[in-house]
Amino acid sequence: MAPHPSDNEGFKRWAIGAARITRVLELPPLNADPAIFIQTTKDEIVKRGDWLCPDFADEEGNITLHFQAFIIEASGKRILVDPCIGNDKERDIPEFNKLNGPFLQRLEAAGLPRESIDYVLCTHLHLDHCGWNTMLVDGAWVPTFPNAQYIFAKAEYAFLSADDHRDSIAVMGDSIKPIIDAGLATFVDADHVIVDEVRLEPTHGHTPGHCAVVISSEGQEAIITGDLIHHPVQVAIPHVGDNFCWNHDMARATRRTVLERVSDRNSLLLGSHFSGPTGIYLKPDGDAWIVDQAAQVEDAAPV
Ligand SMILES: [Zn+2]
């Protein structure tokens, strides 16, 4: 896996009615053989190169992925969704091990310093979605967002608690337990409403408690996917699963339900691992969907 040549450190913004959503990248875009992440081949990617290249894949069929967080500003609150991998965490995957990246500086540069975050949401508790819950200070893991309430879905926490994989035990120890110990954790149902314009939506399958995040304001809607979909090729072939799913059949059904709704309502699909524009609109294409290039919006605000 190598950094994508279009590496950029910028952030990106969208307006959904009165809500504002900002994307902040943690890592440079990653170029990889699709088989490492999703159950498809380079040939399948190349076949759809006309709309996947160059934003989401290269001409050889390697896919491009982002590791990024979204910060929603709505109803007077700042809600950070999926705080990425984190610095200094010991992880088995070399690309994620003991990072020393500028994520917090990028938040600051976007005008969203860590002290200003009111809520932290994790769509699920895989290591690339909750790492910045904490940071290392004088040898101890402390909450990165000291003024935030951290929202965890009850079923997701139960799943992680029972998981004895090495990385899961590490995530619990360095990214979840310190939040509970600090009294900042709130455990909620999978359809929890955070503020008027932002709510969780149960999208189980990738993990048992996986939730997407729905932003609705003034008749417009966006959905932050978490890992219910990893790559835009899965809008065209929704049965393509990913290699890290807990229940593939449930994940497939969930993906179809969400994509259908996004297309029907003309919602903005903000893919947690989508590269390039990151936010896409869909239109029907046979019994699946395709990216609606004509509906793409420009950045709502300059960097
Ligand atoms: Zn992920």
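Is D227 buried or exposed? D227 has 2% relative accessibility and therefore counts as buried, where buried means under 20% relative accessible area, exposed over 50% and partly exposed in between, with a 1.4 Å probe and protein chains only. This is a predicted model, in which local features need pLDDT of at least 70 and side-chain atom pairs count only at pLDDT 80 or more, while totals for chains, interfaces and linings use all residues. Residues are numbered from 1 along each chain as its sequence is written, and side-chain values use heavy atoms, with hydrogens and water left out.

**Zinc site**

- The zinc ion has as protein donors D128 (OD), H129 (NE2), D227 (OD) and H273 (NE2), at 2.1 to 2.3 Å; donors are N, O and S atoms within 2.8 Å of the metal (3.2 Å for Na, K and Ca), and sites may look incomplete because water is not among the atoms.
- Along the sequence, these donor residues follow the spacing D-H-x97-D-x45-H.
- H273, at 3% relative accessibility, counts as buried.

**Cysteines**

- The count of disulfides is zero, a disulfide being a pair of cysteine sulfur atoms within 2.5 Å.
- C130 is in no disulfide, and the nearest cysteine sulfur, that of C122, is 5.2 Å away.
- C130 counts as buried, at 0% relative accessibility.
- The sulfur of C211 lies 11 Å from the closest cysteine sulfur, in C122, which is too far for a bond, and C211 counts as buried at 1% relative accessibility.
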